[in-house]
Amino acid sequence: MNTQVTYSFVIPFMNEEDVLEALLVRMTALMGALDGACEVVFVDDGSSDQGAAIIASAARRDPRMKLIRLSRNFGHQIAVTAGLNTVRGEAVIIMDADLQDPPEVVHELVAQWKGGYEIVHAQRRAREGETRFKKMSANLYYRLLSRLSSVEIPRNVGDFRLVDAKVVEAIRSMPERDRYLRGMFAWVGFRQSIVQFDRPQRFAGETKYPLKKMMRLAMDGVVGFSDAPLRLALWLGALVSLGAMTYGIYIFVIALFTGGLVDGWASTIVVLSFLSGMNLLISGVIGLYVGRIHNESKERPLYFISESIGIAEAVQMPQPKLVSHG
């Protein structure tokens, strides 16, 4: 990796024109205060506003500012990946564009990196401007994920972190399609540390992570880093089978000692409905994993780049080699 750049920033954005000017001012001040050469790679994840034009103008004024425009909206995790495939710095800082990841916290991340840590997570100590439901659901999710996951994923940590160049190379070697970067950074290992910060309200605009996207990201985290749902499906199937067997024995005893059964559909319908529901639940869990296998097997590129400014060569994800069966 080219070490002429010390600090690289990866900032994905989508429809954030209301905040980008303020972000550029604070990023310029931050780069001026750091002790090495910097670059900022902005990744436009299919914006429909003037955000890309704002960044393009900044990139023409300041060569440290760079822009990648994806051909459409591929999702936040893919946009971050596109930035990671482009950066050249010894230390790479991932942050969101909405200023809820305060650029000033980077100084603390850098201090930990200089202390020998290769991954420094920015952990949210407080979350201003968020509803009680979102805080409670986020806390519950992180607790659940920490119990289910095969690796220790720090709680209340988003994508705001600093990673060493060797960690970036490790992430680049992982071409999986359903990406949950928080789990991937925990999985690769290396020396990891945490810096806590108070997360402010959005500077402007609206969140780009509504409930539907948050639930999808949460599901990616659970399915991608735990086989607990499959094991739960196995035990549920065993429990339902045991219940059905017990009920069958009960019916047999009643028939044996009373000589007949009271006619009625209620119990039959209840049992059938319960068994059918459990079957659908277990099939759905298995289907999640099968769907991920199908998605991986298609081997499509993660993203396409429609335009780049300030970048000599925009890197695509490494693709598996095709094997000839002839």
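Two residues are taken to be in contact when heavy atoms of each lie within 4.5 Å. The structure described here is a predicted model. By this criterion, and with neighbours within four places in sequence set aside, Leu-20 is in contact with Phe-13, Gly-51, Ile-54, Ile-55 and Ala-97. Leu-20 belongs to helix H1. Its relative accessible area is 0%, and Leu-20 therefore counts as buried.

The chain as a whole comprises ten helices and eight strands. Of its 326 residues, 45% are classed as buried. Among contacts between residues at least 6 apart in sequence, 82% connect residues at least 24 apart.

Helix H1, which spans residues 17–33, packs with helix H2, residues 51–61, at an angle of about 20 degrees, and the two axes are 8 Å apart. Because angles under 35 degrees are assigned to this class, H1 is roughly parallel to H2. On the H1 side, the contact is formed by Glu-17, Leu-20, Glu-21 and Leu-24, and on the H2 side by Gly-51, Ile-54, Ile-55 and Ala-58. The crossing of the two helices is right-handed. Within H2, the buried residues are Gly-51, Ala-52, Ile-54, Ile-55, Ala-56, Ala-58 and Ala-59. These buried residues pack against H1 and also against strands E1, E2 (38–44), E3 (65–70) and E8 (305–309).

Strand E4, residues 91–94, is paired with two other strands. Strand E1, residues 7–13, runs parallel to E4 and is joined to it by four bridges; in this pairing, Ser-8 has Val-92 of E4 as its bridge partner. Strand E6 runs antiparallel to E4, and four bridges again link the two. Here Ala-91 stands opposite Asp-164 of E6. In a regular strand, side chains alternate between the two faces of the sheet. In E4 both faces are covered, with Ala-91 and Ile-93 buried on one side and Val-92 and Ile-94 buried on the other. Strand E6, residues 157–164, is likewise mostly covered, eight of its eight residues being buried.

Helices H3 and H4 were also examined for burial. In H3, residues 76–84, nine of the nine residues are buried, so this helix is largely enclosed by the rest of the structure. The residues concerned are His-76, Gln-77, Ile-78, Ala-79, Val-80, Thr-81, Ala-82, Gly-83 and Leu-84. In helix H4, residues 106–114, the buried positions include Val-106, Leu-109, Val-110 and Trp-113. Viewed down the axis of H4, the buried residues fall within an arc of 100 degrees and therefore line one face of the helix. Just after H4, Gly-116 adopts a positive phi of about 110 degrees.

Most residues other than glycine have a negative phi. Asn-15 is not a glycine, yet its phi is positive, at about 55 degrees. Asn-15 is located in the loop between E1 and H1. With a relative accessibility of 28%, Asn-15 is classed as partly exposed. Leu-99 also has a positive phi in a residue other than glycine, with a value near 65 degrees. This leucine, Leu-99, is placed in the loop between E4 and H4. The relative accessibility of Leu-99 is 3%, and Leu-99 therefore counts as buried.

Definitions and conventions: Residues are numbered from 1 along each chain as its sequence is written. This is a predicted model: local features need pLDDT of at least 70, side-chain atom pairs count only at pLDDT 80 or more; totals for chains, interfaces and linings use all residues. Side-chain values use heavy atoms; hydrogens and water are left out. Buried means under 20% relative accessible area, exposed over 50%, partly exposed in between (1.4 Å probe, protein chains only). The arc is that of the directions from the helix axis to the C-beta atoms. Two strands pair if DSSP finds at least two bridges between them. Axes are lines fitted to C-alpha atoms, for helices over the stretch in contact, and angles run from 0 to 180 degrees between N-to-C directions. Angles under 35 degrees count as roughly parallel, over 145 as roughly antiparallel, 65 to 115 as roughly perpendicular and the rest as oblique. A crossing is left-handed if the near helix is turned anticlockwise from the far one by less than a right angle, and right-handed if clockwise.
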